[in-house]
Amino acid sequence: MSRAALLALAIGATLVAPDRTVSDLQPDLHTLVVRDLKFSAGEVADLEHGSIVRHTLPATAPGEVAAVGAVRIHASKERFAAAYRDIVHFKRNPGVLEIGRFSNPPQLSDLESLTINHDDFDLRGCRIGDCDIRLPAAAIRRFEREIDWKRPDADAKAALLFKQMLLDNVRSYVSGGPGRITQYDDDKMPVLPVEDFQGLLKSSPYIESAFPGLRAHLASYPAEPLPGAEDFLYWSKEKFGIAPFISVTHVTLAPEGAHEYVATTRDVYSSRYFNASLALVIASDSVSDPHSFYIFYVNRSRASALRGAFARIRRSIVERRARGSLEENLRDVKQRLETQP
């Protein structure tokens, strides 16, 4: 066969052969996950063939850890959005001991089912610079001043005071008014959770890529409303490390175009471990299958325990646990969304 005939045959073959480089991800999402979330071509291919993929991301500051994972789910993204709105049931798993959603406006009764005992924390010896949980100096002084630890009902009154402080913090956060907790004084070095969060937001350009305007919404909440978005807060008590921690989380959920939902979660308060945390969830339709979608989840957190001596060892342990728990959670979400009525 002549060279001309071989060339013609090759050109014809390229015209009729399927393009195996075309992704099943929406085009803009494919760009984001490769450019910002550092997915390799092999990981994308594994994901599209049904595997759970996950890896860590480079830290941008001391004490920071980040992990991202994804899974394909045979259900609709609308099912995911509906489940996510019901966060109390969506997050329930063996690691979540208690959980509840705040009303709008928040009420003290929203915290009624939150139980507090000595396994959670003990504030009898709580002092500025040395306290069992994260609290600002003014709150620590209130426990010293208002609780008579010699009385038999001291623990119950301390638990109620803690709940009231938590509620005051939430009300200040959602209204934009004064009184929000901006500093933790439980250790020798104060922690500034708001500044740590702003650092996380700056280190997460994928937030704005996923939903234009979302970064400003989170940076100055509630001053910059996001059109079409739903915002709500929930509290939880979860197992982690030696002792459980109590946290308040702000959720933003919004549809992005016809093919995606985008959600973020950020810490408003954490009684232990984390200075700040910011997560992004993207639920995006499959290109080839109208009955499937992909979930991408990326979390970036900062913790004082990951700084200083032995930080490298601690980081390796935390990153390994983060990848493992991320895969487990994605598998659980996939199973629940594919099997629920």
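Strands are DSSP runs of E with at least two residues, numbered from the N terminus. In this predicted model, Ser-236 is found in strand 4, which spans residues 230-238. Ser-236 has a relative accessibility of 1% and therefore counts as buried, the cut-off being under 20%. Its side chain makes a polar contact with the side chain of Glu-238, at 2.8 Å. Beyond residues up to four places away in sequence, Ser-236 touches Glu-98, Ile-99, Phe-245, Ile-246 and Ser-247.

Aromatic pairs were examined next. A pair of aromatic rings is described by the distance of the centres and the angle of the planes. A search of the whole structure finds 14 such pairs. One of them joins Phe-80 and Phe-293. The centres of these two rings lie 6.3 Å apart and their planes meet at 45 degrees, so the pair is tilted. The pair links distant parts of the chain.

Phe-240 lies in the loop between strand 4 and strand 5 (245-256). Phe-274 lies in the loop between strand 6 (260-270) and strand 7 (276-285). The pair therefore ties together parts that are 34 residues apart in sequence. Phe-240 has a relative accessible area of 32%, so this residue is partly exposed; that class runs between the 20% and 50% limits.

Ring pairs also build a cluster, made up of Phe-80, Tyr-84, Phe-90 and Phe-293. Phe-90 has an arginine over its face as well: Arg-336 sits at 5.5 Å from the ring centre. Elsewhere, Arg-101 lies over the face of Phe-232, at 3.9 Å from the centre of that ring.

The structure holds one disulfide. A disulfide is a covalent bond between the sulfur atoms of two cysteines. The partners are Cys-126 and Cys-131, whose sulfur atoms are 1.9 Å apart. The angle about the S-S bond is -105 degrees, and the link is left-handed. Cys-126 counts as buried because its relative accessibility is 2%. Cys-131, at 12%, counts as buried for the corresponding reason.

Notes:
Residues are numbered from 1 along each chain as its sequence is written. This is a predicted model: local features need pLDDT of at least 70, side-chain atom pairs count only at pLDDT 80 or more; totals for chains, interfaces and linings use all residues. Side-chain values use heavy atoms; hydrogens and water are left out. Helices (H or I, at least four residues) and strands (E, at least two) are DSSP runs, numbered from the N terminus. Buried means under 20% relative accessible area, exposed over 50%, partly exposed in between (1.4 Å probe, protein chains only). A polar contact is a pair of N or O atoms within 3.5 Å; within protein, one must be able to donate a hydrogen and the other to accept it, and residues adjacent in sequence count only if both atoms are side-chain atoms. Contact means heavy atoms within 4.5 Å. Rings of Phe, Tyr and Trp (its six-membered ring) pair if their centres lie within 6.5 Å; planes under 30 degrees apart count as stacked, over 60 as edge-to-face and the rest as tilted. A charge sits over a ring if NZ of Lys or CZ of Arg is within 6 Å of the ring centre and within 35 degrees of the ring normal. A disulfide is a pair of cysteine sulfur atoms within 2.5 Å.
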